[in-house]
Each structure stands twice: as C-alpha cells, then as structure tokens.
Amino acid sequence: MAKKRPQTKARKPQPTNGAGAAGADGQIPVVGAREPCPCGSGRRYKACHGRAAAQAATELVQRPFEDLPGEGDWVALRELVPAATVELKLRDPLPEGVPSVTLATVLPMAWPALRREDGSVLIGLQNDTASGDLSRDLADTLQRALTAKPGTPVQGRRAPVDGPRLQDLLDPEGAFEPVVHSGFEFWVPDAENAAPDVTASLERANAAAIPTVKLKGVDAAYWCETPEKNHLRWVMPHAEEKLLDALARLHAAGQSNLGEGTRLVGSFRAHGLTVPVWDLPSGVGAEDVEKPAAEFAERLTTALASDAPLTADERRARGGLTNRQVTLS
C-alpha cells in the first residue's frame, strides 16, 4: 500500500512580536536565510524566525480544495482527467483588460499559467508546486497571471507563506462546472497557426490523453477508456473510514457493482478524499453507467446511514478494499 504523507490543516504562520527591526505591527520582516534575523537575536534568519516560515511553507495541507465549490471535481481534474477546463469566477471584479479566467488541467510546456494576447488568463492545475499548500501556490500563480503582460506565460515560484489561498480569491457561490475535452486544442485559439513548440507540445499531449467523460447524473464521477478495459473513478466527499464501512457493507451484500461485468476493484486517496474505482467491460460506455451509478448512489446513502457493527463478511470485504488503496497525493 502506498506510503502515507503527514497531513495537516491549512494555516497561516502567526505574527511574532520581537525587538530589533520588527515592523510597527509587530511582524518580523522576511529577509535572506543567511542574514541576521530582524528580531535582534543575533542568529541567522533561517535559524530564528525564518524557521517557522519555512515549516509553514513545506507542511502538507491534506485537503487543499476544501470549502471550494466542486471539491471533488477539483481533485479529479488535478489527478485523473487529462483535458478539461473550468471558467472561474473571482470574489472581486476582474482587472481591466482581463476578460476571463479559466482553469485548465494542463497548459503547453507545463506552464503554471498563461496570459493570452487577448488578456484572458489560463491557469494550469496539474503542475508541480513548491510548497505543501497547493491552494496557496495556485492562488499566487493566479494573482501574478492577472497582471502579466499579454502573450506571456507565468513561471512557477514558492508562494509567500502568508499569501492568499484559492478560498480567498474565488467566489464561494460560483459554480464549478468542468468541460471535459477530447484533446488540448483549447490551448490556442488558432491551432493551425500556433508556434512550433506549442504545436509539438499539443501533439504529444493529444497522443497521451485517455478518452474521459464526466457523468451527468452524479457528482465528480469520470468514465475513462483504456485499451484493456474501461473504468469509472468517482471522487467522494465522505469521511474515509465511514465510506469504507459503507462500501464494505455493499460489497459483502453483492451490491457494489454498476451492472453486469462491472466490479469495484479498490480506491485512490487524493487530496484528502477517497476515489472508488470500478472496472468496466470494454463495451460499457459513459452513458451505460449513468443509471447504475445513480442507483448505486442511493444504496450508498443508505449504507452510510448505518451505525451497526460490521459483520464478519463485511470486515473481510473492508480489509480487501483497504488493501487495494493507492495514495496519489
């Protein structure tokens, strides 16, 4: 089973009062790691007040998308879906000259963000980030993209530990509605006249993309096609232990499948959520599992409501499911 990472809740470093060059608000200014700490202790910044800042920057935030609309879809687009976009709505009005902000799974050359010639902004979700808080890193990239020169990409960097998170910048009432694409032509308005490096990146990305479809009847469930068999991967918001108990109850009762020839085979862990995975026969498409998935959701709701101790068969089923978990993040 995949190794667990340490898990923490998102938090901002607390201001520290001190003497020396502390600001009027009592905060210690950030300086170079080897410079004397502004608090006047005589130690280097990295060994004094810089230590807490460095720890805050590297601590893993277990659920970076918690409290955002569509948390399950954020996780799916980060880890499971090759090509998708979502129009983002910010809390504040867009700056003049920025007509729209769009989240994308991947951008050409793995850019963290891109300000197009028309001023619109694209933010890449599947990039490596410098800190343990994906939400803060993405928010920093978004802020820099809003002021970038049109026609230029935005490079990655480590976000300030006291910087805003996506939860601070995005409209909490804004709908999160992914549009899944068959390829990455959304990168450029005119793919035929794109620069050679962008065209090459587009061709490589399209060749590697697995056909994927978002189900319409349930939240955050994605069908995908592979050469051997098809799969359904469903990001669920429930607490992991409670969900595993419910899945075990259904599995032991023979009610965990999505129709003939389908099988619940295990789950992923990703960004604090659990993602059950079903194997589907090659001939079973996304439309074929819409109704079975909706029926399964009803059975799962009933199973989640049960507080009865697991039976021996259910405990065995739970053990099997637990042994087939893979941690993605």
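## Basis and overall make-up

Because the model is predicted, local features need pLDDT of at least 70 and side-chain atom pairs count only at pLDDT 80 or more, while totals for chains, interfaces and linings use all residues. Residues are numbered from 1 along each chain as its sequence is written, and side-chain values use heavy atoms, with hydrogens and water left out.

The chain contains eight helices and twelve strands; helices (H or I, at least four residues) and strands (E, at least two) are DSSP runs, numbered from the N terminus. Of its 329 residues, 47% count as buried, where buried means under 20% relative accessible area, exposed over 50%, and partly exposed in between (1.4 Å probe, protein chains only). Among contacts with a separation of 6 or more, 61% are between residues 24 or more positions apart; contact means heavy atoms within 4.5 Å.

## Helix α3

Helix α3 covers residues 134-146. Its 13 residues reach 18 Å from the first C-alpha to the last, close to the 18 Å expected at 1.5 Å a residue; the expected span is 1.5 Å times one less than the number of residues.

Eleven of the 13 residues of α3 are buried, so the helix is mostly covered. Leu 134, Arg 136, Asp 140 and Leu 146 are among them. The buried residues of α3 pack against α2 (71-79), β2, β3 (113-115), β4 (121-124), β5 and α4.

## Helix α5

Helix α5 (residues 196-208) also has 13 residues and should span 18 Å; its end C-alpha atoms are 19 Å apart, which agrees. Its buried residues are Val 198, Ser 201, Leu 202 and Ala 205. Seen down the helix axis, these fall within an arc of 105°, so they line one face of α5; the arc is that of the directions from the helix axis to the C-beta atoms. On the face turned away from this buried side are the exposed residues Pro 196, Glu 203, Arg 204 and Ala 207.

## Packing of helix α6

Helix α6 (residues 240-252) packs with helix α8 (residues 312-323) at an angle of about 120°, with the axes 8 Å apart. Axes are lines fitted to C-alpha atoms, for helices over the stretch in contact, and angles run from 0 to 180 degrees between N-to-C directions. That angle makes α6 oblique to α8; angles under 35 degrees count as roughly parallel, over 145 as roughly antiparallel, 65 to 115 as roughly perpendicular and the rest as oblique. Residues of α6 including Glu 241, Leu 244 and His 251 meet residues of α8 including Asp 313, Ala 317 and Leu 321.

Helix α6 also packs with helix α7 (residues 290-304), at an angle of about 115° and with the axes 9 Å apart. The two helices are therefore roughly perpendicular to each other. Lys 242, Leu 243, Ala 246, Leu 247, Arg 249 and Leu 250 of α6 make the contact with Phe 296, Arg 299, Leu 300, Ala 303 and Leu 304 of α7.

## Two loop residues

Ser 100 lies in the loop between β1 (84-88) and β2 (101-104). Its relative accessible area is 17%, so Ser 100 is buried. Leaving aside neighbours within four places in sequence, Ser 100 is in contact with Glu 87, Leu 94, Ser 120 and Val 121.

Pro 164 is placed in the loop between β5 (152-154) and α4 (166-169). With a relative accessible area of 24%, Pro 164 is partly exposed. The C-alpha atoms of Pro 164 and Asp 137 are separated by 9.0 Å, although these residues are 27 apart along the chain. Beyond neighbours within four places in sequence, Pro 164 is in contact with Arg 136, Ala 139, Gln 143 and Leu 169.
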